[in-house]
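Work through the exercises below with the sequence and the 3D structure open. Try each task before reading its solution.

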Amino acid sequence: MSGQIKSVSDDQKYIIKSIMQLCGVDRFDADVTYGNGVFWKDLPEPKYAFDIDPQMTGVVQASSVQLPVADAAFRSMMFDPPFLTYIKSGREHGSIMGKRFSGYWTYAELENHYRATLKESARCLRKGGVLVVKCQDIIHNHTMHPTHINIAQWMQPWFRLKDLFVLTVKHRLPMPSKEGEAARKQKHARVYHSYFMVLEKL
Ligand SMILES: C[S@@+](CC[C@H](N)C(=O)[O-])C[C@H]1O[C@@H](n2cnc3c(N)ncnc32)[C@H](O)[C@@H]1O
């Protein structure tokens, strides 16, 4: 990477690589929501991969809220949880198992998972270790849920915010229905960015 590292990019790999460079991480110790491992396509694989619903071989089935590791086992962890609420399609159609953990019914459900994982990550990390959290703010039913601000509160008293990166998207799929009508009645800006929060264990 040439030049100074910037806090905004539309390239997820650039952001993860930048975080690794700034935190002196050659390889993450653990990814606790491994999914399909897209994060690590062109980057070193984490030493331990966990997911509540593993899709790939070698991923250990475990919830991010109760990891099968000793206290202070890790120096670096990645947490990329679902961030959308009310993903009904997965439960109503198609593979229930495949989609069961891909979203939350309510924001309270999201909050419980995020809070419990922050607490569990604090247990698993050494002092000075880093937890990277990918998240996105949500507007639902005309209510803004500023998840990245909430995480800055939920992480207390275990972490401090070390860095904050913004990942922008160039294009998003149109709203599922009544696009024209929705545009006329639009009350909130459509969210075109997500965050990578770098939390340092105190
Ligand atoms: C946004 S995806 C992660 C994508 C991943 N970063 C990648 O590169 O493919 C969210 C993942 O969180 C997992 N998940 C949801 N709830 C979980 C929990 N309680 N513990 C661990 N993993 C969970 C889902 O199974 C899903 O694979």
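**Exercise 1.** Which residues does Ser194 touch, not counting residues up to four places away in sequence?

*Solution.* Note at the start that the model is predicted.
Step 1: Find Ser194 in strand 10, which covers residues 193-201.
Step 2: Leave out residues up to four places away in sequence; Ser194 then touches Lys134, Cys135, Gln136, Phe165, Val166 and Leu167.
Step 3: Look at the accessibility of Ser194. Its relative accessible area is 5%, and buried means under 20%, so Ser194 counts as buried.
Step 4: Turn to Cys135, one of the residues that Ser194 touches. Cys135 has a relative accessible area of 0%, so Cys135 is buried as well.

**Exercise 2.** How many disulfides does the structure hold?

*Solution.* Step 1: Recall the cut-off: a disulfide needs a pair of cysteine sulfur atoms within 2.5 Å.
Step 2: The structure holds zero disulfides.
Step 3: Check the accessibility of a cysteine, Cys124. Its relative accessibility is 0%, so Cys124 counts as buried.

**Exercise 3.** At what angle do helix 4 and helix 5 pack, and how far apart are their axes?

*Solution.* Step 1: Two packed helices are described by the angle between their axes and the distance between the axes.
Step 2: Locate the pair: helix 4 spans residues 107-124 and helix 5 spans residues 147-154.
Step 3: The angle is about 45 degrees, and the axes lie 10 Å apart.
Step 4: Name the arrangement. Angles under 35 degrees count as roughly parallel and 65 to 115 as roughly perpendicular; helix 4 and helix 5 are therefore oblique to each other.
Step 5: The crossing of helix 4 past helix 5 is right-handed.
Step 6: List the contact residues. Helix 4 supplies Tyr107, Leu110, Glu111, Tyr114, Arg115 and Leu118, while helix 5 supplies Thr147, Asn150, Ile151 and Trp154.
Step 7: Sort the residues of this contact by type: six are nonpolar, two polar and two charged.

**Exercise 4.** Which residues does a cis peptide bond join, and what is omega there?

*Solution.* Step 1: The cis peptide bond joins Gln156 and Pro157, with omega about 0 degrees.
Step 2: Place Pro157 in the chain: it lies in the loop between helix 5 and strand 9 (159-168).

**Exercise 5.** What value is phi of Ala72 near?

*Solution.* Step 1: Phi of Ala72 is near 55 degrees, which is positive although the residue is not glycine.
Step 2: Ala72 belongs to the loop between strand 4 (60-61) and strand 5 (74-79).
Step 3: Its relative accessible area is 32%, so Ala72 is partly exposed.

Key
Residues numbered from 1 in each chain as written. Predicted model: local features only at pLDDT ≥ 70, side-chain atom pairs only at ≥ 80, totals over all residues. Heavy atoms only, no water. Buried < 20%, exposed > 50% of the residue type's maximum accessible area, 1.4 Å probe, protein only. Axes fitted to C-alpha atoms, helices over the stretch in contact; angles between N-to-C directions. Helix = DSSP H or I, 4+ residues; strand = E, 2+ residues; numbered from the N terminus. Parallel < 35°, antiparallel > 145°, perpendicular 65-115°, else oblique. Left-handed = near helix turned anticlockwise from the far one by under 90°. Contact = heavy atoms within 4.5 Å. Nonpolar A, V, L, I, M, F, W, Y, C, P; charged D, E, K, R; others polar.
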